[in-house]
Amino acid sequence: MESDSDIKATPRGFHCTLCNVNLPNKPSLDQHVKGRKHQTLATVRTTRKTQEQHSVFVSGIKPDISQTDLAEYFQQFGPVTDVIMDKDKGVYAIVQFSETDSIQATLSCVEHQMKGLKLRVKPREKKEFKLIPKKNDSQNLQQVLNRLKPALCQLPCVNAQMQYVVERCELGENEKKARGLLVQLLQEVFVEFFPESHILPFGSSVNTFGIHSCDIDLFLDLENTKVFQARAKSNTEQAGEGMSDDGRSEDSILSDIDLSSASPAEVLELVAAILRRCVPSVHKVHVVSSARLPVVKFHHRELNLQGDITINNRLAVRNTRFLQLCSGMEDRLRPLVYTLRYWAKQKQLAGNPSGAGPLLNNYALSLLVIFYLQNCEPPVLPTVHKLKNMACEEEECVIEGWNCTFPSQPIAVPPSKNTQDLCTLLSGFFSFYAKFDFASSVISLREGRALPITDFLCQNKGEEAMQEEQPTKPHQTGPRLGPLNLLDPFELSHNVAGNLNERSQCSFQKECLEAEKYCRSLQYQRKSTKGKSWGLVRLFTPHGEVSRTKMEQLTISIPFKSVSLPEVLRNQLHMAGDGFRLLWFQKVCSAVEGVLQNVLGCHLAPSADAVFGEDSAVDAAEEMESTSASLNTSTNDSCDSVEYCDETSPLGATVVGAKRPLSSGSDASVSPQGKKPRLAKRGKPEFPHWIWVQKHIVWAGRRKVRRELIKDTDSRPEGSCMELESQVTAHIVEKEPALKDPLKFKVQPQMVGGTESTKAVLTLEPSSDKAGVFHDFFHFLEAFLPKMVETLLEKEVGSG
C-alpha cells in the first residue's frame, strides 16, 4: 500500500513524508491518514502519476499549430484525452493518451512529420511528487518590516506613519490599469461565447483596500445571456431554421449548454475551457467546486496575477460597493484598514495562503474595523440600517432576497462628528476588541451592536429574527456559529469569520491585548530622540516577543463554545436570556466536580474555608438557582458590570473586571475600600473554591492502559468517553501503589465574561505536595479537563 511508504517511524512517534508532519502516536496517525489534507495530496499525487504514465512530450512545433492539429495527428496511435500547449511560445506540447499502449506505439515510430514539421517525441519526464512548504515564516515577515522600518522611524507621528503604510501598500496606478486591461480582455473574450454577458470585478482590486499582488476577483454575470438564449431559442423555434435537433442555436458556444438548466459546475468547466484555450498568458486554470461559492482559479503569467471567476456571487459585488461607500464618506477608514491588515499579517492572524484556512480574511478584518468605528463615541460610521434609511427609492436594491440598500454616493451621508485622530482610533481598536466578549456575542454591522448569542442558540428563534429583518428572503437558516461570529452586512445567514477556530480567535484577542498595553506607552505615542524603533515599528514586530511576567497561579480555561453545546442545553441558555452565563457556569462547575470526583477519583477534603464542602457543588446548584433571579436584576444587558459573591449560594461566581452591587442593607456612606474588611469579618473567602485530595498518580500511563482496555479497536482521543476514562482510573488505582503523602490542592472557579470572551477559569494551587507531583497533574488536567467537561455536559443533558 502506497500510504504505508509515506509513514516513517521516529523515536517520538511517526512522520508523514507526503504531508511533512509529525504525529505523536498511532491514533493521531490514523486520524491524519483519514484526514482531508493527506487524502487530497494522495489523490493529487495519484492523478499526476497517471498523467505521466499516459503522456508524451512533443517539441519542434510552431505557434500556428493548434491543439486540434496535434490531437488529430496522434489519434493514429490511440485515443487522445488531452493536449496541453505552451501558449506563450508555442514550441512544445504534452499529449495525453487514455491507454499506456499508445505511448509505446508513439515512441516506436521512428519519425513524426506533421504539416511539414519534424516533431520530436520523447517520454514524459518522471518527477517525484513533493509538497512545497509555505514561505510564510517570521523571518520573512521581519525582512518585510525591515524595508519599512527606516522610513517609519523618521516620520514625526503615528498619523504620518499610518498614511505612509497606505502609500507603500496600496495598488499603484499602473497596477490598476493593468488589471483594468485584463478585465477588458476577458470581457471581449467571454462576450463572444456568452452574448450580452458582463465581467464585473469585486474584492480588494476595486474596493479601495487593494494591496500589491492581491488577487483579482471577477463575477461573470450571465443573467442577460440566459435571456438572450431563451429569446434566440424561441425565435428559432418559430422560424424552424438554424436549429440543432434539440432546438438550440448553432452559431455560438451556447449550442453546447443550456444555461437555464446547467449546473454551476458545468458552466464553470466551460469557463475554464475558454480561459485555457482563448486567453493569452493564462495558465494553471482549475475549477474549485468544493468552495462555498465554486470558482475557476487561474494565473496570468505576464502580470504575475492570481484570479478567481465565479458565476453566482452577486452579493460580493454589492459588498464591494459598500466598502467603496464607507471609504468615500470617511477618510480615516483606509489608513486604519491598511495598518490593521499589515499588523494582522505580521502577527500571523490573517492571510490564509491557499484561500482556505483558520485565519481572518481581509474582508472580515475590514468589517471588524467598520464595526469598531460604528461603536466609537460619537460614531465615525453609521450602521447599515441607518444607511438604508438614507437611500432614495431609485437606490433600493434586493439581491437573492437580502435587502442591500444604501446610498450610491458618499455625499448623501452626513459627516461624522467624531474628531479623533488616527493614532487614537488605532489604539481604541485594540482596546475595543481586547475586552470584547466574542464567545457570547454575534457582531452585527446592520444594527451596529453585538447581538446576544442566545438569540441564535435556538435555531427557530434565530430564523424568525432574520425573517422579520428580511421578509423577502424565504427559507432562511441561521449563521454557522463559531469562536468569532461576524455577520455579513447584507447576507445575514453568513458568518464571515466562520472559518476561524478557537486558537485563531484567542490569538487575535491576545494580540489585541498586547497591542493595547503597548499603545499606552510613550514608545507608541512619541518619536524616539535616540533613533530607536517607536510607533508602528514596534507594533508590527512579528510575534510580539513582549516579556511577560509569569503568573504565579496556574489556570485552566474552559471557554463557552456555543457550537459544541447539545441542542437541549442551547435551548435552556436561550430561555435564560441575559442570565445564560450564570446557568452555563453552574453546569460547568457541576461537570468539573464530576470529572475530578467520578472520573479521576479525587476526594473532597473537609475544610473550614472551602466554599464547596462535602455537600458538593451539585447540591449547592439548587440553592444557586433560587438566587439567580435576584442576581440577574443587578446584571446589565452585556453582563460587563457584575461581580457577585452571594453568601447563600456556594456556586456564587465572580465576573472579572466588574463592579459588585451593594447589598440592600449596606451603608451607602462606606467607601468601596471598605468592602474587603467586611468580607474578612464574615470569615468568607473572596472567591469560592474546592479543596481536593488525590491519593494516586492517575495521570501517568493512561494511554497505555486505555489501549489495553479497548484492545486497539477504538481511536477516540482523551476525554472522549467518561466510562472509558473512569475504567482507566480504576485500573491504575488497582495496579499502582498509592502516594505516601497524598496530593492536596485547591481549585478556585471563576466566571469571566462581558469585558472579554465568556469562559470559566479554574485556578489550581497545591495545598500539600510533598511528593512533588502537582505540576505534572496540572499539565495533564490542562488538556484532559476541558474535553471531559464538554463530554459530561452532553451526557447530563442527554440523560436529563
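## Salt bridges

A salt bridge is a side-chain nitrogen of Lys or Arg within 4 Å of a carboxyl oxygen of Asp or Glu. This is a predicted model: local features need pLDDT of at least 70, side-chain atom pairs count only at pLDDT 80 or more, and totals for chains, interfaces and linings use all residues. Residues are numbered from 1 along each chain as its sequence is written, and side-chain values use heavy atoms, with hydrogens and water left out.

The structure contains 21 salt bridges. One of them joins Arg334 to Glu170, with the closest N and O atoms 2.9 Å apart. Arg334 sits in helix H12 (residues 333–346) and Glu170 in the loop between helix H7 (158–169) and helix H8 (173–193), so this pair ties together parts that are 164 residues apart in sequence. Helices (H or I, at least four residues) and strands (E, at least two) are DSSP runs, numbered from the N terminus. Arg334 is partly exposed, at 24% relative accessible area. Glu170 is partly exposed too, at 25%. Here buried means under 20% relative accessible area, exposed over 50%, and partly exposed in between (1.4 Å probe, protein chains only).

A salt bridge also links Arg449 and Glu447, at 3.0 Å from N to O. Arg449 is partly exposed at 41%, and Glu447 is partly exposed at 38%.

Arg520 pairs with Glu516, the closest N and O atoms being 3.6 Å apart. Arg520 is exposed, with a relative accessible area of 57%. Glu516 is buried, at 7%. Salt bridges with shared partners join Lys435, Glu516 and Arg520 into one network.

## Cysteines

There are zero disulfides (pairs of cysteine sulfur atoms within 2.5 Å) in the structure. Cys519 is in no disulfide; the nearest cysteine sulfur belongs to Cys423, 7.2 Å away. Cys519 is buried, at 3% relative accessibility. Cys153 also counts as buried, at 11%.

## Nonpolar cores

A nonpolar core is a set of buried Ala, Val, Leu, Ile, Met, Phe, Trp, Tyr and Cys residues joined through side-chain atoms within 4.5 Å. The largest has 78 residues. Phe322, Trp343, Leu373, Phe430, Tyr433, Leu486 and Phe508 touch the most other members. Helix H13 (residues 362–374) supplies the largest share of this core, nine residues.

Leu373 has contacts (heavy atoms within 4.5 Å) with Leu333, Leu336, Pro379, Val380, Leu381 and Leu425, leaving out residues up to four places away in sequence. A second, separate core has 54 residues, among them Leu565, Val588, Trp692 and Phe745.

## The five-stranded sheet

Five strands form an open sheet, ordered S5-S6-S4-S8-S7, with antiparallel pairing. Two strands pair if DSSP finds at least two bridges between them. Strand S5 (80–85) and strand S7 (112–114) are the edges, each pairing on one side only. On average, neighbouring strands of this sheet are turned by 30 degrees against each other, direction ignored. Axes are lines fitted to C-alpha atoms, for helices over the stretch in contact, and angles run from 0 to 180 degrees between N-to-C directions.

S5 and strand S6 (residues 92–97) pair in the antiparallel sense over five bridges. Val80 has Phe97 in S6 as its bridge partner. Helix H4 (residues 67–74) lies across strand S4 (55–59), S5, S6, S7 and strand S8 (117–123). H4 runs at about 140 degrees to S5.
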